[in-house]
Amino acid sequence: MTHPLGTPPSKVIAVHLNYPSRAAERGRIPAQPSYFLKPPSSLAGTEEALVRPRGCELLGFEGEIALVLGSRAHRVRPEDGWSHVRWVTAANDAGVYDLRYADRGSNLRSKGADGFTPIGPRLLDARELDPETLRLRTWVNGELVQDDTTDTLLFPFGQLIADLSRLITLEAGDVILTGTPAGASVVRPGDTVEVEVTSSEGRSTGRLRNPVTESRHALESWGALPAADPAERAAAYGTAHAAEALLDEGTEMGLRSVAVATLSAQLRRRGLPHMSIDGVRPTRPGDRMVGVAHTLRYLPLREDLFAKYGNGMNAQKKAIEELRPGHVLVMDARRDTTAGTLGDILALRALQRGAAGVVTDGGLRDSAAVAALDLPVYHGGAHPSVLGRRHVPWDTGVPIACGGALVQPGDLLVGDTDGVLVVPPDLAGELVADCREQELQERFITERVLAGQPIEGLYPLGAAWREAYDQWRRELLNRPAQGEST
C-alpha cells in the first residue's frame, strides 16, 4: 500500500464523534471525545481499491480530515495542540459493519483491514491553514454526500491533541482522523468514493479517490465470519440512507397492502394510540404512500435570524437535497398553516430525488401544480404565502413533532386517503401480519352484514362466530387464484 506519508506512523488514532451533524444522526452528543486505533498497515493512497471482504455487505465510508503530527506531543495544552500538526490531508475511515460485533469497542477487524484508511493525495502545510475554516466534502459516484466545516466541531483539533497527549505520547508522523460528518453510509463494488479537504485560503488536498471492489477469496472459517442484524444495518446506512436499510421490498409491499385505518387499530392494541399525523390531507385522494422519514424542522419567524437561517442553501433546501429514494420528507411547521412550507419547484426536486412522499403540518403553496406531480403530498392546508411569513427553516435529520406525532428519522410513514401514520420499523412485520388477519375478519363480517345478520356478537368477531369464520377463512385461502386451473 502506498500513501503520501512514506514512513509508516507509529499510530493511527480515530475519533468516534466530532461533528454535530453526525452526533444528531447517532442520537447522542458526547461530553468528551473518544477514540479507537487503526493499524498503520491499514493506510493506503489515492486510486487504491477499497476491498470489501467476501461475505460482507456493509462496507461503510467516512470522509474525514486527517492530521499528521510534525513534532512529539506530550501533555500539551489545548491552545498549543495545533502547533504540533505539520500536515493536513483527506482520509476515508472505511470499515465493514458486518464484523463490528467481533471486536466490539476496538473495531480492530471491522476498521483495521489492509487499505481501510486511504489518505491523500496531497499534504497541506498546517502552518498555512486556519484549523477552524477547513471544509470537508465526500462524493459517491460523483454525487455529493458529505459537506461540513470545521467551525462546527464538537472538539477542536487542538483539544484532541491535548486530550490524547495527557496519557499517550504522540510522535512525529502519527495520524489523527478527526471524525466524520453526517452522510456516511454504505458503498458496494463498482462504486467510487472521493474525499477532499479545502481551506478558506483556496488550498486543496485534491480528491482522494478510491474505487470499491470485492475480495477474490472468501474469509477463512477459523475466525469470526460476517454477520449483521437490523441494528447494524441501520447504523451502517445512517439516517440519510435509512430507506435502503429499513424498507425492503417485502416490508414496503406489505404496508401498501393494508389500510391506514387497520394499522391504526393494531398500533392502538400495542399501546401506541398517538401515531397519527393529525390535520393533514392528501393533494390527490386515493394516493398511497410508504417510505422512511427524513425530517425538517421549522421554528417561529424571527426577523433578525431569518437572514442567517432562511436564505441561501437553508435547511429547507438542504432537506430536499438530502432525500434518497424511498424517503418521505416530514416537516414540523408547528401546525401553522398560514404560510407555505413547500411549493411546486421543491416538490418537483423531491420527486427527482426519488422521494416516496412529503408530509407537512404547515401550508402548501402552488397546490394545483403539486397535485399534478406523481408524488404523494399530505399537508395542513393550501396557502399562497412563502415560508418567511411565519417560519424559519432550522435543521434537518432530528426528531420532530408533526401533526401532534413524534417522528424520528428512520421511522416508517404510511399514508392513504384517511391520513398518515408513523410506524416503528421494528413492528412493521408483525403489524402487516395482524392487519391482514384483521382485514380478513372484517371482510367476513361485511359479507354477513350484507346477508342481513345483526352486528351483536359479530362485530367485533365473537366466540359464536369463530368456527364459521375459521371455516370461511380456510376455504378462501385454499381457493385458486383467478386465472389458475382447478
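## A predicted chain: charges, core and backbone

D130, E132, D151 and E201 gather in a patch of negative charge on the surface. A patch is made of residues with over 30% relative accessible area and no salt bridge; like charges are joined within 9 Å, and nonpolar side chains (Val, Leu, Ile, Met, Phe, Trp, Tyr) within 5 Å. Asp and Glu count as negative and Lys and Arg as positive, while His and the chain ends are not counted. The place of a charge is taken as NZ of Lys, CZ of Arg, CG of Asp or CD of Glu. Accessible areas come from the Shrake-Rupley method with a 1.4 Å probe; for residues, only the protein chains shown count as cover.

This is a predicted model: local features need pLDDT of at least 70, side-chain atom pairs count only at pLDDT 80 or more, and totals for chains, interfaces and linings use all residues. Residues are numbered from 1 along each chain as its sequence is written, and side-chain values use heavy atoms, with hydrogens and water left out.

E132 sits in the loop between strand 9 (117-125) and strand 10 (135-140). Helices (H or I, at least four residues) and strands (E, at least two) are DSSP runs, numbered from the N terminus. E132 counts as exposed because its relative accessibility is 53%. Exposed means over 50% relative accessible area, buried under 20%, and partly exposed in between (1.4 Å probe, protein chains only).

**The whole chain**

The protein chain has 14 helices and 29 strands. Its C-alpha trace spans about 90 × 65 × 40 Å along the principal axes. Of its 486 residues, 52% count as buried.

**The core**

The largest nonpolar core has 42 residues. A nonpolar core is a set of buried Ala, Val, Leu, Ile, Met, Phe, Trp, Tyr and Cys residues joined through side-chain atoms within 4.5 Å. I65, L67, W82, V88, F157, I161 and L170 touch the most other members. Several elements each supply at least two residues of this core, among them strand 1 (12-15), strand 6 (63-69), strand 7 (85-92) and strand 15 (208-218). Helix 4 gives the largest share of this core, five residues. In soluble globular proteins, nonpolar side chains tend to be buried together.

**Salt bridges**

The structure holds 33 salt bridges. A salt bridge is a side-chain nitrogen of Lys or Arg within 4 Å of a carboxyl oxygen of Asp or Glu. Here are three of them.

| Pair | N to O distance |
|---|---|
| K38 and D93 | 2.7 Å |
| R203 and E128 | 3.2 Å |
| D336 and R390 | 2.9 Å |

Take K38 and D93, whose side chains meet in a salt bridge. This pair links distant parts of the chain: K38 is in strand 2, D93 is in the loop between strand 7 and strand 8 (95-96), and they are 55 residues apart. Both K38 and D93 are buried.

Next come R203 and E128, which also form a salt bridge. R203 lies in the loop between strand 14 and strand 15, and E128 in the loop between strand 9 and strand 10, so the pair ties together parts 75 residues apart in sequence. R203 is partly exposed at 31% relative accessibility. E128 is partly exposed too, with a relative accessible area of 41%.

D336 forms a salt bridge with R390. D336 is in the loop between strand 19 and strand 20 and R390 in the loop between strand 24 (381-382) and strand 25 (391-396), so this pair ties together parts 54 residues apart in sequence. D336 is buried, with a relative accessible area of 12%. R390 is partly exposed at 39%. Salt bridges that share partners also join R22, K38, E62, D93 and K111 into one network.

**Backbone points**

Most residues other than glycine have a negative phi, and most peptide bonds are trans. R334 is not a glycine, yet its phi is positive, about 60°. R334 is found in the loop between strand 19 (327-332) and strand 20 (340-342). D366, also other than glycine, has a positive phi near 55°. D366 is in the loop between strand 22 (363-364) and helix 12 (367-371). D366 counts as partly exposed because its relative accessibility is 33%.

A cis peptide bond joins G120 and P121, with omega about 0°. P121 lies in strand 9. The peptide bond from Y459 to P460 is cis, and its omega is near 0°. P460 is in the loop between helix 13 (428-450) and helix 14 (463-478).
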